[in-house]
Amino acid sequence: MASIQSLPDELLERVLIACAENDAVDDVAAVAATSRRFYSIVYLASDDHLWRSLFLILFDDPRDIRSRLVPEIAWKSDLQDRVRIRRLMTRRTADTMLARRTIGLRSRTVMAQTVDHPLCADVSIQLLRGVIKVIHTAAPQLSLTCQPSGASGQAALPPIRNEALRELHLRTSLWPAAPDPTFPSANIAWLGKTLPSDLHATLSVLFEPKNADDSLDSTSTRLAIGQVISYLGTRRYLSAHTTSTATPHTINQTVQATHSGNLVAGNDEDSPSLKDAMQRAFDLDYPSHRQGWGPYLPARLSRSTAPSSAGETPYYDSDSDFDDPDWNPDDVNGPRAPVPPAERLLPDWWWLCAARAIAEWALREHNSLEDIQTLQAWDNLREGAWISQPPESSASGVFSDSAPGDSNKATRMHEYDWAGVEGMWRRLVAWLDYDDLLFHNRVGDFDDPVLEPVWITVPLSLRITGYSPSHVIEYPDKPTIHVSGEMGGAGWQGNVDEDDIRHVHGTVSMLADGSVRWSITSMNEDNTHDQWASEAVQLGGVGSAMGSLGMWTGAEHESEDPLGVIWQWRVG
């Protein structure tokens with residue numbers, strides 16, 4: 001009688017692939033452990049065909065990502081990492097967590113242990129970065145169009161260059177349009193099945209560094225936790241259109257949500273406390289020139305004006321006062337130190353996750369769950385929601401100010417809105433009453449049961465005014481976009497106040513880690529001088545519907561300037 005061993009390798013591969021199609025990828029390891037031949041087929045093949053096929057059954061194709069540099073794809077190790085993440089996350093119970101540790105996928109032999117303490121730093125970072133990679137490689141969305149208020153069907157993008165803020169405000173929704181349900185993401189579905197509803201509590205228990213004084217491990221782990229929370233929020237919000245068609249090949253990768261349609265909300269005690277978030281986000285000592293006056297990691301300062309390595313840009317030019325031994329770069333009464341160059345800035349996700357908690361609180365307190373889900377659905381992290389098809393001239397990925405006999409190519413490239421900037425936006429702004437801000441900073445404690453942020457949501461329109469070359473050499477095809485526009489003041493909260501329209505200007509550019517930086521300055525009520533400066537970082541992929549999260553503070557960056565949180569998302 002013929003046995004399975006008699007089948008050719010090609011048919012055996014198809015059997016193994018069928019295991020993944022039935023959501024039984026672990027069975028591949030079980031089969032490999034039964035004989036040397038099966039082990040050889042699974043682990044010693046001369047090509048990546050099997051592992052690539054297994055990966056693409058369960059996840060989106062990372063080769064479809066266009067706006068972010070994706071490292072070389074390691075089909076086997078990436079799939080093994082994601083299996084490990086799912087095992088760890090899905091074994092959590094109310095009182096204890098069980099983690100299954102497997103050496104690769106080579107054996108079904110596992111070691112179970114009770115996880116009532118943090119994982120080691122290396123494991124923490126690896127697993128957290130694995131979750132972030134799943135988000136970054138989720139399939140792009142189709143470009144969205146705006147749903148006008150009170151109208152049915154889709155409409156063309158409002159002509160913002162020729163329309164007043166009032167008309168744009170009245171014509172557009174408060175929330176982004178839902179993504180096209182016919183183009184779901186397998187990655188987002190996998191996140192919904194894998195990550196628990198009490199996301200913040202789980203991450204805190206599993207990944208918080210054992211030793212808070214260990215600055216390297218603590219910083220790295222907290223930044224990774226912060227990035228996951230900044231992207232996904234403190235509670236689980238799934239797309240209203242996450243359906244059983246979420247994988248390319250199967251119908252059993254659905255995400256089942258149990259409350260308010262597709263909203264699974266953790267208990268209040270599972271979310272980071274508002275007190276802790278305010279202590280971090282409203283710290284007057286946080287903004288610094290070393291951080292570009294925004295939510296970025298402090299850049300290393302150097303006393304030398306010469307580059308420390310090839311291609312490095314010095315922070316301080318030769319006529320600065322940095323060589324003066326009595327000069328303190330943090331002395332607000334002394335000379336103003338220049339900020340680090342853009343290519344040296346990286347997001348401070350630990351601060352940004354506090355900002356996310358505050359913004360979520362404001363939304364939760366004053367909006368319906370359905371509206372919150374419209375904005376915070378994880379599908380909105382996918383790149384491309386507000387990006388139109390790039391012109392043919394930008395396909396090469398090379399930025400050029402001019403080329404002899406080819407000026408039209410440079411012009412078309414300059415007109416490419418690669419970040420989805422130009423359009424109508426909503427901006428949530430949160431802050432503390434200034435007296436409260438000063439008092440709690442001076443006492444060093446925000447533990448006040450009646451202390452709550454003040455917040456407003458205002459309209460913002462942006463248009464492109466020009467381009468300049470990218471400061472990040474890895475992204476030459478994404479030049480810095482210069483913008484201007486108008487923003488409503490406080491009188492626009494639930495109203496229309498045409499006497500309070502602020503002019504805005506700024507730039508949108510790339511950071512070295514592939515994040516998008518939004519630097520927008522708004523003028524005072526009379527539009528006679530700059531008043532407030534904001535720095536924000538895109539959530540998820542370039543042009544995502546979830547928008548950008550960040551901080552605002554005084555445009556002059558004076559001592560004890562007020563500061564607060566912004567979250568802005570495009571609606572048309």
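In which loop is Glu560 found? Glu560 is found in the loop between strand 11 and strand 12. The model described here is predicted.

**The loop between strand 11 and strand 12**

- Strand 11 covers residues 548–554 and strand 12 covers residues 563–570, and His557 lies in the loop between them.
- His557 is not a glycine, yet its phi is positive, at about 55 degrees.
- Glu560 also has a positive phi, of about 60 degrees, although this residue is not a glycine either.
- His557 has a relative accessible area of 17%; because this value is under 20%, His557 counts as buried.
- Glu560 has a relative accessible area of 34% and is partly exposed, because this value falls between the limits of 20% for buried and 50% for exposed.

**The packing of helix 1 and helix 3**

- Helix 1 comprises residues 9–21, and helix 3 comprises residues 36–43.
- The two helices pack at an angle of about 75 degrees, and their axes are 11 Å apart.
- Helix 1 is therefore roughly perpendicular to helix 3, because angles of 65 to 115 degrees are placed in that class.
- On the side of helix 1, the contact involves Asp9, Leu12, Glu13 and Leu16.
- These residues meet Arg37, Phe38, Ile41 and Val42 of helix 3.
- The residues of this contact between helix 1 and helix 3 comprise 5 nonpolar and 3 charged residues, with no polar ones.

Key
Residues are numbered from 1 along each chain as its sequence is written. This is a predicted model: local features need pLDDT of at least 70, side-chain atom pairs count only at pLDDT 80 or more; totals for chains, interfaces and linings use all residues. Side-chain values use heavy atoms; hydrogens and water are left out. Axes are lines fitted to C-alpha atoms, for helices over the stretch in contact, and angles run from 0 to 180 degrees between N-to-C directions. Helices (H or I, at least four residues) and strands (E, at least two) are DSSP runs, numbered from the N terminus. Angles under 35 degrees count as roughly parallel, over 145 as roughly antiparallel, 65 to 115 as roughly perpendicular and the rest as oblique. Contact means heavy atoms within 4.5 Å. Ala, Val, Leu, Ile, Met, Phe, Trp, Tyr, Cys and Pro count as nonpolar, Asp, Glu, Lys and Arg as charged, and the others, Gly among them, as polar. Buried means under 20% relative accessible area, exposed over 50%, partly exposed in between (1.4 Å probe, protein chains only).
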